[in-house]
Amino acid sequence: MQPKLSSIKFSVEDRKSQIELLSNTEFDLLVIGGGITGAGIALDAAQRGLKVALLEKKDYAWGTSSRSTKLIHGGLRYLKQMEFKLVQEVGTERAIVHRNARHIVVPEKMLLPITEGGSLSKNMSAWALWVYDWLAAVDKSESKKMLNAADTAMAEPLLRKEGLKAGGLYFEYRTDDARLTAEILKTAVEFGAICLNYAEINGFEYDSGNLIKKAKVIDNLQGSAFSVNAKIFVNAAGPWVDNLRAFDTDGVKGKRLHLSKGVHLVIPFEKLALKQSVYFDVKADKRMIFAIPRDSITYLGTTDTNFSGDIENPEASAQDAAYIIAAVNEMFPSADLKVEDVISSWAGLRPLIHQDGKSVSELSRKDEIFLSKSGLISIAGGKLTGYRKMAEKVVNLVSKKLGRNVACGTKNLKLSGADFETNEALDRFFNLRCGQAKQISASHREIKSLLNRYGANIDLIIANAFELYQQEPDPSKRLLLAELNYCIEYEQVASLCDFLIRRSGRLYFNRPELENQYHFIAEAMAKKLNWTSTETAENMLEFETEYNRVLAFKNSEIA
Ligand SMILES: Cc1cc2nc3c(=O)[nH]c(=O)nc-3n(C[C@H](O)[C@H](O)[C@H](O)COP(=O)(O)OP(=O)(O)OC[C@H]3O[C@@H](n4cnc5c(N)ncnc54)[C@H](O)[C@@H]3O)c2cc1C
């Protein structure tokens, strides 16, 4: 008998039932790719009542959606390229994404220093920030403020004083891209979507009219094959969009992708103890980069370079690191940053649309939809910030093809764990949970970081920590175990890397602590998921490879 959807958990523990259901159902829509784009489409479609499946070849957000600058922003620099419509669309979306996911999309004050010889003048910046606020209909309380040189230096004392002319203060939002993707997917699942990671599409089957009717899938955990039947197929494979198109009979015709690599470096907060985030000019090439303080670290980036290497494994090079470090030392001379100070990094690929004669920095960040004769709908380009709007466009098209006429309902839809009407409600929730958590000896800091990751769902984590009280006497380990259990049972975590990199961000934000933690976590996972010793060893090796890879550039020469 086919398993009932309502009885299937979003957990690797229910993988067999998920695959059975995927193999035996005709879906209205199959979404290929579990990054933010695919997740947004699955949620929008499921919320409109469509029967939806989503398949991801590795883990959710494993591609670009865990390696961005992690900002929900309007893209101030796109004003320079006269992309007013794009700035208006993503700028307006910021407040919506914040409202629907307050725990992971938090307001972030940004300082734009204006310097001698920089690419921005005071008048130009004031105008740009005014246009930015106006296009995005920013609330008065969050509108831009121009500062003189002395006030700019006070706002951020680490800025270079010589040549500092003025500054602009404005608001963006900070997020965790992979967690945002996970919350969207959990919400899609609540609306009935069937989502499976480690399920890779490697071909299509066609009907007599040459329209796609099935996707061929490899189960990347067990190695078996199955296929999924759907009326419509959407290719949301990010940097792999053209690879998927190449599987299709229509191939890659007309527009194609142009990949650009972006790198971020992570340093201990004390090395650049910023009072707030700064968005500044790189003197060498007039690009703009961010320096963003976040708990115990500050992260810096990004670069924007043509990419033609191994698409599965983009990584920071010695050259990327040198570029970012030089730019930071130029703007914050007292940091005196060296490559040895870097404690982690990440590198992602922007799936941009190629335009003849344009350099990567000039390429538009707009999203585009490609339609193939076989019915495959591909979407590429765009931003994390605009995920909901991109999904709306795609699902409008899908609905039209299916002859369904249901409007998009995600504008006021709170994501999983985000049921807070106001930021004050979120604060009250935090204070209450801190009180409860005293009984399991959890610190405010621990509760805060869990809240920022899981929102109201931390109640399940705290409850489990209470249950583990006898089993695990160390309070921090107990909370860590409870978090791990939550991610396995409710977020389909299947590997050590899934937990340490994408669900909890620890490899990027807490790498030094992992050296003493990952063995313990691997053992706990092995016990819960009945791994064989070979599976445990494979998981450890996969993690150790990633652990070393984020700092591999330290051992290489500048090319
Ligand atoms: C350095 C950098 C900084 C950025 N900063 C920001 C920012 O601050 N704010 C912002 O709004 N945007 C930012 N962006 C842009 C944003 O991150 C991307 O637009 C977005 O993450 C792309 O998401 P995606 O879902 O389209 O692609 P991805 O996240 O790459 O997802 C595609 C998924 O498809 C899967 N897949 C591929 N092939 C198959 C297959 N055959 N079968 C099944 N699954 C498959 C992949 O494994 C992958 O997980 C940044 C991008 C970069 C690179």
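**Chatting through the fold and its ligand shell**

Biologist: How many helices and strands are there in the protein chain?
Modeller: This is a predicted model, where local features need pLDDT of at least 70, side-chain atom pairs count only at pLDDT 80 or more, and totals for chains, interfaces and linings use all residues. Residues are numbered from 1 along each chain as its sequence is written. Helices (H or I, at least four residues) and strands (E, at least two) are DSSP runs, numbered from the N terminus. On that basis, the protein chain has 18 helices and 18 strands.

Biologist: What share of the residues in the protein chain is buried?
Modeller: Buried means that 20 or more other C-beta atoms, placed from the backbone, lie within 10 Å of a residue's own. Out of 559 residues, the buried ones come to 49%.

Biologist: Which residues around the ligand are the closest?
Modeller: A residue counts as near if its C-beta atom, placed from the backbone, lies within 6 Å of the molecule. That gives 40 residues around the ligand, and the closest are Gly33, Gly35, Gly63, Gly238 and Gly262.

Biologist: Which element gives the largest share of the shell around the ligand?
Modeller: Helix 2 (36-47), strand 8 (199-206) and strand 16 (344-353) each supply at least two residues. The largest share, 4 residues, comes from strand 16.

Biologist: Where does the ligand lie relative to domain 1 and domain 2?
Modeller: The domain bounds come from an automatic or database domain assignment. Both domains give residues to the shell, so the ligand lies between domain 1 (5-64 + 178-255 + 364-402) and domain 2 (105-174 + 258-362).

Technical notes. Buried ≥ 20, exposed ≤ 12 C-beta atoms within 10 Å, placed from the backbone.
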